[in-house]
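Colleague: I have a few quick questions about this model. Can we go through them one at a time?

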Amino acid sequence: MNDWNKFKERGFVVKETGPVYYTEDMDATIAWFTKTLGWYCEIDERNEDGQGTYGCAFDLPREFESLHIAPFTGLHFLYGEPKGGTVAFMKVQGIEKLHAHVINSGWEKVNLNDTADFEMKLCQIETMDGYILQFFE
């Protein structure tokens, strides 16, 4: 399946984001983002031991991101000890599809709630590094 078909099948689009995400195992973190969220990831820098020191996860295929037709909608990965807590609060279109995509990937640390306070839906995902990603629509 090519990237465009995979993107269309996924059914959701992140509208705003750009947080920093620390991880000690960038390869495993990127594999998690690729499988669980369906994002497009790469490691741009590695140290002398081969550990990833800088990378990115993109909601869109890299080709779209490099055209700069939309704001950056991804995460910056840096090597370091995960800090935990909420790392991102991202606007998304298609939040039910996001929730379904995560569940269908086999990841169970996810919930979808209506928030009466703000009249919006909130999808919260705990990552493999113990961070919380919050998506709203």
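Colleague: Where does threonine 127 lie?
Modeller: Threonine 127 is in the loop between strand 8 (120–126) and strand 9 (131–136). Helices (H or I, at least four residues) and strands (E, at least two) are DSSP runs, numbered from the N terminus. This is a predicted model, where local features need pLDDT of at least 70, side-chain atom pairs count only at pLDDT 80 or more, and totals for chains, interfaces and linings use all residues. Residues are numbered from 1 along each chain as its sequence is written, and side-chain values use heavy atoms, with hydrogens and water left out.

Colleague: Is threonine 127 buried or exposed?
Modeller: Buried, with a relative accessible area of 2%. The cut-offs are under 20% for buried, over 50% for exposed and in between for partly exposed (1.4 Å probe, protein chains only).

Colleague: Which residues does threonine 127 touch?
Modeller: Leaving aside residues up to four places away in sequence, Tyr21, Trp32, Trp107 and Leu133. Contact means heavy atoms within 4.5 Å.

Colleague: Different topic. How many disulfides are there?
Modeller: The count is 0, a disulfide being a pair of cysteine sulfur atoms within 2.5 Å.
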